[in-house]
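Look at the sequence and the model below.

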Amino acid sequence: MPPNEGAASIDVAAQSFAYDVGAAGAPIVRAIAVEAAVQIVIGGSPFAIMMATPQDLEDFGYGFCLTEGIAETPADIRGLGVERSADGWRVAIALTGERLKAHLARKRAMSGRTGCGLCGIEDFSQMPAPKLRNPRTRPVDPAAVGAALAELENRQPLNKLTRAVHAAAWCGRDGRIALVREDVGRHNALDKAIGALWRAGVDPDSGFFIITSRCSFEMVAKAAIFGATTLVAVSAPTSLALERAREFGLTVLAVARGDKALSFNGADAPTGGLAGVTSDKMAKLVRMANQIGDFYAAMPEKEAVEGAASHLRLYWTPKMIRELIAFVDADVAGLNATAAKAVHSLKQAAET
């Protein structure tokens, strides 16, 4: 085992437990997945503590930096060290001067604001997202998805031992699994896989991800930030995951089994105009948009419009935004100046 990694599993004694007689029989040995505290330290300052499997922590550090917006290229990371600490593990990350400056400014911007209450994020504009919608590429061959799923179980040694960890696999377009990363945390497994691919300079269009967990919006965001255009999940997606997938240009296949999966890419196809939108619903959308506009109106105009547009893009569903754009296109009065300009900017972005 490398000196900068810990055991991924430990053996513990257990005993069979029957619902009629309780614990009985000879003791057995069962492999249990190790869950350890991993402290992320950036520029000498503690940034986060994650609960993770203490393997592939260098990959985890790189993947975490990319998907959390801390670094944009591997070259932004001058160095990364992994060491054991009294309470777990420590991943120390050294950034280049410009990236460290941007990181510190981001931390200052995050402090002192009124929180929105979503997983510690203090503003919807801080939710992870790719900078641009991923371009449409040729779809993944269905046979490749089936081949990768058939191979996946045999590529999860830690889960075979423990039955307690998640996996994220990167698969080539031919269906062959290029790498798998496992962890007690589903986000961590995907960050580890992304970190390994990112460091190796792998083309995001050369394959697709399979995750063994549910498909939440964070998993969609992480895959899209890397640049992937297809995400296959063994479990079901959440509603927000599907909304974000459509926004980011990511194809989602979920509830994937050995013989079939469910494709959510065509669900809730966009519809144009205001058809089917009641006046009460439209009034509510306008009122909500105006509240957002009022919140940002105290800022300089450019920042106010950008802030309101970012809030709408990240918090509202694509359908709500389309309806609001249609409202503006119909030249109906009602939006305040900041909200109207924000909607106009979203329309321009959608048309480019």
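Four strands make up an open sheet, in the order β6-β5-β8-β7, and their pairing is mixed. Two strands pair if DSSP finds at least two bridges between them. Helices (H or I, at least four residues) and strands (E, at least two) are DSSP runs, numbered from the N terminus. The edges of the sheet are β6 (45-52) and β7 (77-85); each has a single partner strand, so one side of each is left without a neighbour in the sheet. On average, neighbouring strands here are turned by 20 degrees against each other, direction ignored. Strand β5 (residues 36-42) pairs with strand β8 (residues 88-95) in the parallel sense over five bridges. Q39 has R90 in β8 as its bridge partner.

This is a predicted model: local features need pLDDT of at least 70, side-chain atom pairs count only at pLDDT 80 or more, and totals for chains, interfaces and linings use all residues. Residues are numbered from 1 along each chain as its sequence is written, and side-chain values use heavy atoms, with hydrogens and water left out.

Helix α1 lies across β5, β6, β7 and β8 and runs at about 130 degrees to β7. Axes are lines fitted to C-alpha atoms, for helices over the stretch in contact, and angles run from 0 to 180 degrees between N-to-C directions. Contact means heavy atoms within 4.5 Å.

How do α1 and α5 pack? Helix α1 (residues 57-67) meets helix α5 (residues 186-200) at an angle of about 90 degrees, with their axes 6 Å apart. The two are therefore roughly perpendicular (65 to 115 degrees). Among the residues in this contact are F60 and F64 of α1 and I194 and W198 of α5. By class, the contact has seven nonpolar, four polar and five charged residues. Ala, Val, Leu, Ile, Met, Phe, Trp, Tyr, Cys and Pro count as nonpolar, Asp, Glu, Lys and Arg as charged, and the others, Gly among them, as polar.

α5 also packs with helix α6 (residues 217-226), at about 5 degrees and with the axes 10 Å apart. These helices are therefore roughly parallel (under 35 degrees). I194 and W198 of α5 take part in this contact, as do M219 and F226 of α6. Seven nonpolar, one polar and four charged residues make up the contact.

How values were computed
Angles under 35 degrees count as roughly parallel, over 145 as roughly antiparallel, 65 to 115 as roughly perpendicular and the rest as oblique.
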